[in-house]
Amino acid sequence: MSLLQNVAISVSDEQGMLLDVARGFVRDQTPIAAVRAQLETEPGFDPAIWKAMVDMGWTGIALPDSVGGAGMGVGSAVPVFEAMGGGLLGTPLLATTLAGQLLWRAAGEGAADWLGRLCAGSVATVAILDAADWGGANTGVRLDGQGSLTGGKRFVADAGVADYFVVLASEEGAPVLALVERSAVQEGAISANVLIDLTKRAANVDFTGVMPAEVIRGESVSTALRDTLLLGALLTAAESTGAADRCLTSITEYLKTRKQFGKLIGSYQALKHPTVDIYVGMENARAFVYHGATVVGEGALSRDAEIACRMAKVAADDVIVFAGDRSVQFHGGFGFTWDCDSTLFIRRAQWAQQMYGGAIHHRKRLAKLLLDG
Amino acid sequence: MSDNKAALTTFRDDVAAWMAENVPADPGFLLPLTFLEVGTEQQLDFLREWQHKLWSAGYLGMHWPTEYGGQGADPAFQYIVDKELGRHNAPIIFNTIGLNWVGPLLLDMGTGEEKAKYIKNILSAEEIWCQGFSEPDHGSDLGAVQTRAVRDGDEYVVNGSKIWTTLGNYADHMILLARTNPNTERKYDGLSFFLSPMKIDGVEAHPIRKVTGEYGFNQTFFTDARIPASCLMGDEGGGWTVAMKTLEYERGVTAGQASGHWGVTIQIDDMIEELSHIEHDGAPLLADPVVRDDLVGFIMEAKALTLNGRRMAIPALNSDYPMGLALSVKYRGTEYERRMKQYTASKQGAQSALYVGDDDAVRGGFWQRAYFSNFGATIGGGTTQVQANIIAEHVLGLPK
């Protein structure tokens, strides 16, 4: 009846606890100075931090007990990603979580060994994009009759540190997932991207000539891929919401201490009112993100879950871009410098707004879901 | 828990059945869209009778004490009644200043005598209330109120003028903020709060015509009006605190209102429904990709409002900015509605130019009138811009 029919939003005790723990971890273990220290390192993160995250079970939050996970469902990963976004913390957790989702959704228990490794701390990543288009078919990598791959993938997150790759390929026109060990990828086949967000890592990877260790086939592959892209949008939105909130704090702190023309600049409405709009936008994004966490459930994503993931991404993109942009501007000359954290926020914004499809990508699909239903 | 749920379900069914029987048919004359536009005796009589009927049936003031005419039930019951009123397109429950601001205020801060004297008549619509806060020279800056109340024996003598007095020409009582001491160090400390009679000598309400073409507002003039000293609520000089509490009820920051059905409910679905009948470039308007994208934006805003409303009850998601969601309800909601109505009013091709009174206007000019009427919400109770200041200062801690 109503366009707003599903407005479920709730937080389980477990999710609430995860949010507290993850925020505490980020606050205590990875202050911005520590994040900055990793900006120009090759992996982009501190291995000790990654180990601590694995030890806390974060790589397995969204996976079932039977494969070594915590069995809490993918909605429970949302608070962790929100907290990580709040600290602008990189690490391969997003890539690994999505690789886990793609495998579990496509193969279930059939991928137990691969999923078990990932829960235990192996880094996995998804290799999806053939080109820049998140809406493309992305089945340009071919798997031939001899079991060998031809072609390359682009923008593969954390490829430099991945222990294995889940590669979207095609076999006689049908989409398949090829599981590729790092050791099977040739020397020189991974060429790092120069990313706008220095806390993140990605690379182009040439899989030509590689023999996958295993291939997952069948109709489940398409659904799993579609759902993983939607979950990528949701988890990126959670990160962006956390980042926008942190960015808001850095803006308000500056507005409360910086004086010009004899007044604290936060008393000027020209700065005050857009800052309120950042706050309101962040709360909206947070509402959609936790609505998404509430409705994703288990198994294939429902129509409501699809709507929720897409709306979360649109709302989070809007606010992180606005917050990052205004943060540079409101910090004045200092905002324009490398040393101001606005640099990190605006770069995160420009990275996040395209990941798993930008606002236009999702709004176009939402129009269809909402208006043609 | 499940007993409670069952009770609510039964109640909902009862209310729905009652509404199906009792919601009045279109009276054949224009009804106001909100309580801010009651402009004729005909409308007033009709709405008074309707509110009295709803209250007599036991469906108003559901969570107010029975000794004052309420039903002594959980607020969830009032929520159900309000939902059903909207669903049945029922006429508005118009005594809003009494029901939503004065009533909760008296229940919260009033004396036993004040509660006994006023509350039941608010519910039954026997007595209508208006509000005397804003003045011609002081709209959003309430602390600067200049209307004077001077103690003279058992009375106060009031002189000055209030503006935007909704229902002022029909009201029996006014919540009046007046200056009892012009010489205090802080301007706020010279203000007092009165439950003041309206139908006395020296009080005149002059209707003001609005941008919609309707009435509803007044400018109220006090000329040596003598009101009993017992009308003072709280202490002399303590008016600011009471006024601020009133605004919490007015802005929906604090719960306790007797009926949320103070305006015709206009939902996002109504907007889409309306636009679905419109042709544009020889094709349905809803096939236009630009329009579709705009509508996605509106749907998202509506959904975010609902989700944030529900989220207020979840402590784990509210601890970072206490009161932040509550204080931004008006800021977000009223502006969304204004843009949504403007959009719908402007996407009707040449018919967008028609207004109430033209037989060819889309739904009698409903959207055009609703758009203009909505400024009552973005200006009244503190303008959007003042709301932004409040959020900036009280939620984000920015300096004044």
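Predicted model: local features only at pLDDT ≥ 70, side-chain atom pairs only at ≥ 80, totals over all residues.
**Overall architecture of chains A and B**

The secondary structure of chain A consists of twelve helices and eleven strands. Among the contacts of chain A with a separation of 6 or more, 76% are formed by residues 24 or more positions apart.

The overall dimensions of chain A were examined next. The C-alpha trace of chain A extends over about 75 × 55 × 35 Å along its principal axes.

Chain B was described in the corresponding terms. Twelve helices and ten strands are present in chain B. Of the 400 residues in chain B, 42% are buried. Residues 24 or more positions apart provide 71% of those contacts in chain B that have a separation of 6 or more.

For chain B, the C-alpha trace spans about 75 × 50 × 50 Å along its principal axes. The radius of gyration of chain B is 22 Å, which agrees with the value near 21 Å that a compact globule would have with 400 residues.

Notes: Residues numbered from 1 in each chain as written. Chains lettered and ligands numbered in written order. Helix = DSSP H or I, 4+ residues; strand = E, 2+ residues; numbered from the N terminus. Contact = placed C-beta atoms within 7 Å. Rg over C-alpha atoms; globule rule 2.2 N^0.38 Å. Buried ≥ 20, exposed ≤ 12 C-beta atoms within 10 Å, placed from the backbone.
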